[in-house]
Structure formats: structure tokens, C-alpha cells
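Here is a friendly briefing to read alongside the structure. Keep the sequence and the 3D view open, and look up each residue as it comes up.

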Amino acid sequence: MAIKVSQQLVTVYAPTHVSKIHIEQWLLSKKEWVAAQLHKQLNAIDVQQHPFKSQKVTVFDKPYTITFAKGTRAYVQQSDSEFIIYTSKRVKKQLEKRKQLLCLALEEMLTNYIEMRLAYYCQQMSEALPTKLTIGSYKRKWGSCNSRRELTFNLNLVGAPHHIIDYVIVHELAHLTHLNHSSAFWKRVAKFYPDYKLASAWLKNHGATLQWVFDN
Ligand SMILES: [Zn+2]
């Protein structure tokens with residue numbers, strides 16, 4: 001038998017011949033483990049950012065406030081600690097539009113930073129610049145790269161400190177030489193980013209805090 005705990009829902013998988021009472025007893029014997037999983041997942045949910053509800057979003061490890069305003073057209077006015085999101089009264093799906101505008105502004109900030117650092121690290125690592133840079137929303141990866149030298153980075157990285165983003169950049173650039181996680185790959189990462197273990201642990205421990213939930 002097996003238990004799955006996901007999104008605060010407990011599912012038990014059992015063969016058809018097993019009686020219900022047996023399943024219940026078995027589940028009861030696992031209740032501490034189930035409770036721990038539920039608690040862990042609840043905490044994971046809590047750490048995500050709610051940019052619209054809290055009217056705050058973290059950019060490069062710094063808090064920015066978010067203000068909504070009405071305008072004749074949709075755009076974002078941005079300073080070094082604030083986003084003012086203007087939408088027109090006529091727009092039906094305000095939440096969707098605001099999300100789209102904010103994500104676009106964040107994407108631009110992340111792209112600018114990554115382009116600058118890519119240029120620096122490509123020179124350090126004697127690599128030609130990547131053929132393509134894509135910023136996107138991904139559930140399970142911070143970055144990726146392929147044999148066509150196309151690099152992808154997760155938009156949520158925009159909330160991380162600069163040195164953490166640098167680690168992801170070096171990690172992906174090292175993949176241009178080693179398309180695997182062999183010891184030769186890690187040696188190359190370590191050569192250009194000695195603190196890679198700390199940065200990788202930071203992403204494991206704080207990665208969830210970079211995720212956004214757009215509700216209001
Ligand atoms: Zn990798």
C-alpha cells in the first residue's frame with residue numbers, strides 16, 4: 001500500500017482485495033508521518049509571495065511595494081523600490097492584466113541582469129555567448145541549457161540575491177561543456193563559482209519563497 005500527500009489531500013493506494021478496516025488501521029499507524037507531511041506542505045505554501053494581496057514583491061532580495069492606479073492605458077511606472085501598475089477602467093480582467101504587466105516588468109529586470117552577467121561569465125569561462133536566452137515560468141527548474149547553446153532561466157529568480165542568480169548562470173554555462181552533472185561538470189562550476197554548494201543549498205531552502213501566488 002502507499003500514501004500520497006499532496007495539496008492538503010491524503011490518498012491511500014491499496015490493492016482491491018484489502019479490506020477497508022485494514023486500510024484504516026494501516027493509515028492510523030502512519031498518522032504521525034502523514035501529519036508531518038501535511039505540516040511541511042502547509043509551511044511550503046505559506047512561504048510563497050502574494051504580490052497583490054500584500055502589495056509587495058521581492059526583487060533581487062529587496063522589497064518593492066506595489067500600487068494600483070487607474071490610467072488611460074496600461075503600463076508600469078517603476079522606481080528603485082516601487083511598481084505603480086496602471087490599468088484602464090475598461091479592462092475586464094484586472095487581475096490578469098496586472099499580473100501580465102508586473103511579470104513583464106520583472107522579466108525585463110531579470111533579462112537585463114542576466115545579459116550583463118552572461119557577458120561577464122562567458123568571457124571568464126572562454127565561452128561564446130549563448131545563441132538564445134529565454135526567461136520563462138517553470139515549476140521545477142531554475143535554468144536549463146541544450147546542445148544548441150540555448151539558455152533558459154526561471155522568471156522567479158528575479159527575487160533572489162544577485163550572487164544566487166550568478167550561480168545559476170555559471171551552472172548553465174558549465175553545461176555548455178558538460179551536458180551532465182559529472183564530477184568534471186562540478187569542477188568547472190567550482191572553478192568559476194567556488195561557493196556553489198552554498199548557493200545550491202540556498203535555492204533548495206529558499207526556492208519556495210521566490211514563488212508567487214497572484215490573488216487579491
Ligand atoms: Zn544542471
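A nonpolar core is a set of buried Ala, Val, Leu, Ile, Met, Phe, Trp, Tyr and Cys residues joined through C-beta atoms within 7 Å. Please keep in mind that this is a predicted model.

**The nonpolar core**
- The largest nonpolar core has 27 residues.
- Those with the most contacts inside this core are L157, I165, Y167, V168, I169 and V170.
- Strand 6 (82-87), helix 4 (94-124), strand 9 (150-154) and helix 5 each supply at least two residues of this core.
- Which of these elements gives the most to the core? It is helix 5, with 8 residues.
- As background, nonpolar side chains tend to be buried together in soluble globular proteins.

**How helix 5 meets helix 7**
- Two packed helices are described by the angle between their axes and the distance between the axes.
- Here, the axes of helix 5 (residues 162-175) and helix 7 (residues 196-206) come within 10 Å and cross at roughly 105 degrees.
- Angles of 65 to 115 degrees count as roughly perpendicular, so helix 5 is roughly perpendicular to helix 7.
- On the helix 5 side, the contact is made by H163, I164 and Y167. They meet Y196, A199, S200, W202 and L203 in helix 7.
- How many residues of this contact are nonpolar, polar and charged? There are 6 nonpolar, 2 polar and no charged residues.

**Two residues with positive phi**
- Most residues other than glycine have a negative phi.
- F60 has a phi near 50 degrees, a positive value in a residue other than glycine.
- You can find F60 in the loop between strand 3 (56-59) and strand 4 (62-70).
- D61 also lies in the loop between strand 3 and strand 4, and the phi of D61 is positive too, near 70 degrees.
- Why does F60 count as partly exposed? Because F60 has 16 C-beta neighbours inside 10 Å, between the cut-offs of 12 or fewer for exposed and 20 or more for buried.
- D61 counts as partly exposed because it has 13 C-beta neighbours inside 10 Å.

- Y75 is in strand 5 (residues 75-78), and counts as partly exposed because it has 14 C-beta neighbours inside 10 Å.
- Y75 and L102 are 27 residues apart in sequence and 9.0 Å apart in space, C-alpha to C-alpha.
- K187 lies in helix 6 (residues 183-192). Is K187 buried or exposed? K187 is exposed, because 11 other C-beta atoms lie within 10 Å.
- From C-alpha to C-alpha, K187 and A174 are 9.3 Å apart in space, and they are 13 residues apart in sequence.
- Q123 lies in helix 4 and is exposed, because 10 other C-beta atoms lie within 10 Å.
- Q123 and A36 are 87 residues apart along the chain, and their C-alpha atoms are separated by 47 Å.

**The domains**
- The protein chain is divided into domain 1 (2-46) and domain 2 (97-210).
- How far apart do the C-alpha centres of these domains lie? The C-alpha centres of domain 1 and domain 2 lie 36 Å apart.

Technical notes:
Residues are numbered from 1 along each chain as its sequence is written. This is a predicted model: local features need pLDDT of at least 70, side-chain atom pairs count only at pLDDT 80 or more; totals for chains, interfaces and linings use all residues. Axes are lines fitted to C-alpha atoms, for helices over the stretch in contact, and angles run from 0 to 180 degrees between N-to-C directions. Helices (H or I, at least four residues) and strands (E, at least two) are DSSP runs, numbered from the N terminus. Angles under 35 degrees count as roughly parallel, over 145 as roughly antiparallel, 65 to 115 as roughly perpendicular and the rest as oblique. Two residues are in contact if their C-beta atoms, placed from the backbone, lie within 7 Å. Ala, Val, Leu, Ile, Met, Phe, Trp, Tyr, Cys and Pro count as nonpolar, Asp, Glu, Lys and Arg as charged, and the others, Gly among them, as polar. Domain bounds come from an automatic or database domain assignment.
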